[in-house]
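Open your viewer and get ready to click along. We will begin with the whole chain and then select a few residues one by one.

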Amino acid sequence: MDIKACNSSDGSPIFFYLIGIPSLPKSLFLPVFFIFLILYLLVIIGNFLILVAVVVDSNLHKPMYFFLSNLSALDILFTTTIIPRMLSLFLLGDRILSFPACFLQMYFFHSFSCSEAFILVVMAYDRYEAICHPLHYTVRMTPQVNAKLAASAWLAALLLPIPAVVQSSQMAFGTLVQVLHCFCDHLAVVQASCSDPNFQTFLGFCCAMTVSFMPLVLVVLSYAQIIISIMKISSKEGRAKTFSTCTSHLLVVGTYYTSIAVSYVAYRADLPEDFHIMGNVVSAILTPVVNPLIYTLRNKDVKAAITKFMIPWKRRG
């Protein structure tokens, strides 16, 4: 089906029409709305509890939890970029976005996605310093250094998507652009333009692979050194205890790159467009939903802090 309408805009305002999931029957819009609403509430509540626990509990005033609070804040911002618009689409049928709103959503979606990868690298570096250089850990990982590492991750992620977003905004569009997606994803918008999408598609793919692959290499190198250091510990109990401080982060990294793999396979496989769209949506939501569960279930310090924070509220109730 040709969804392009490439009549000249002649200076008229450009609007983007989100098609959503093409073959989804209207009778399922409400159930899908509630599914995404529940997932969004899980993201907000879970990550908010972690943020509050890290701020309130002095036992969590450590570099590892400072970076975790950055990850939680990022997950809230990331999902808020796309899910409210999707909820509006499925509940109210609100499909129209203005030109600035579409590209702003595109920018923040990809920027926050980059931030996730960079924050995970910083967290891996923190584990590397803690395990490979324990005697120098407090000297090297000072609050000032932690703040600079986190700020660098955020700043790099805010800058990286700018070229692709700016160049795609300069492509030719009709007055009403039909976007085959639930939100303004870069690839979906580029393919809906009246210009040749090949270069922009290639540029977006290269940026995505760079942002995904390079952080993964750094994480793998960090954990290679960590494993070498752990293997030097003489006792089995000592090795297990040391490695247990990394399991939560490793699970989050695994979830993040699994979601990327799902999105990539859905895009490359010869499947209907619905699978491409849902693969992208799942990859965007999976990590923010799972992160709080991993850290509250597997990390004793976070679990204890949240429990201690929740007890006074239970008593008030």
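Start with the surface view: the chain exposes about 16,000 Å², and carbon and sulfur atoms supply 70% of that area. Accessible areas here come from the Shrake-Rupley method with a 1.4 Å probe, and for residues only the protein chains shown count as cover. This is a predicted model, in which local features need pLDDT of at least 70 and side-chain atom pairs count only at pLDDT 80 or more, while totals for chains, interfaces and linings use all residues. Residues are numbered from 1 along each chain as its sequence is written, and side-chain values use heavy atoms, leaving out hydrogens and water.

**The whole chain**

Switch to cartoon view and you will find 12 helices and 3 strands. Helices (H or I, at least four residues) and strands (E, at least two) are DSSP runs, numbered from the N terminus. The C-alpha trace spans about 70 × 50 × 35 Å along its principal axes. How much of the chain is made up of buried residues? They make up 47% of the 317 residues; buried means under 20% relative accessible area, exposed over 50%, and partly exposed in between (1.4 Å probe, protein chains only).

**Stop 1: a greasy patch**

Select Leu30, Phe34, Leu91 and Leu92, which make a nonpolar surface patch of about 410 Å². Patch residues have over 30% relative accessible area and no salt bridge; like charges are joined within 9 Å, and nonpolar side chains (Val, Leu, Ile, Met, Phe, Trp, Tyr) within 5 Å. A salt bridge is a side-chain nitrogen of Lys or Arg within 4 Å of a carboxyl oxygen of Asp or Glu. The elements giving two or more residues to the nonpolar patch are α1 (29-56) and α2 (63-92). Phe34 sits in helix α1 and counts as partly exposed because its relative accessibility is 43%.

**Stop 2: inside α2**

Now pick Asn70, in helix α2. Is Asn70 buried or exposed? Asn70 is buried, at 13% relative accessible area. Leaving aside residues up to four places away in sequence, Asn70 touches Ile119, Ala150 and Trp154, where contact means heavy atoms within 4.5 Å.

**Stop 3: ring pairs**

Finally, show the aromatic rings: the whole structure holds 17 aromatic pairs. Rings of Phe, Tyr and Trp (its six-membered ring) pair if their centres lie within 6.5 Å; planes under 30 degrees apart count as stacked, over 60 as edge-to-face and the rest as tilted. Select Phe99 and Phe173, an edge-to-face pair at 6.4 Å centre to centre with 75° between the planes. Phe99 is in helix α3 (residues 99-132), and Phe173, 74 residues apart from it, is in the loop between α6 (162-169) and β3 (176-179).
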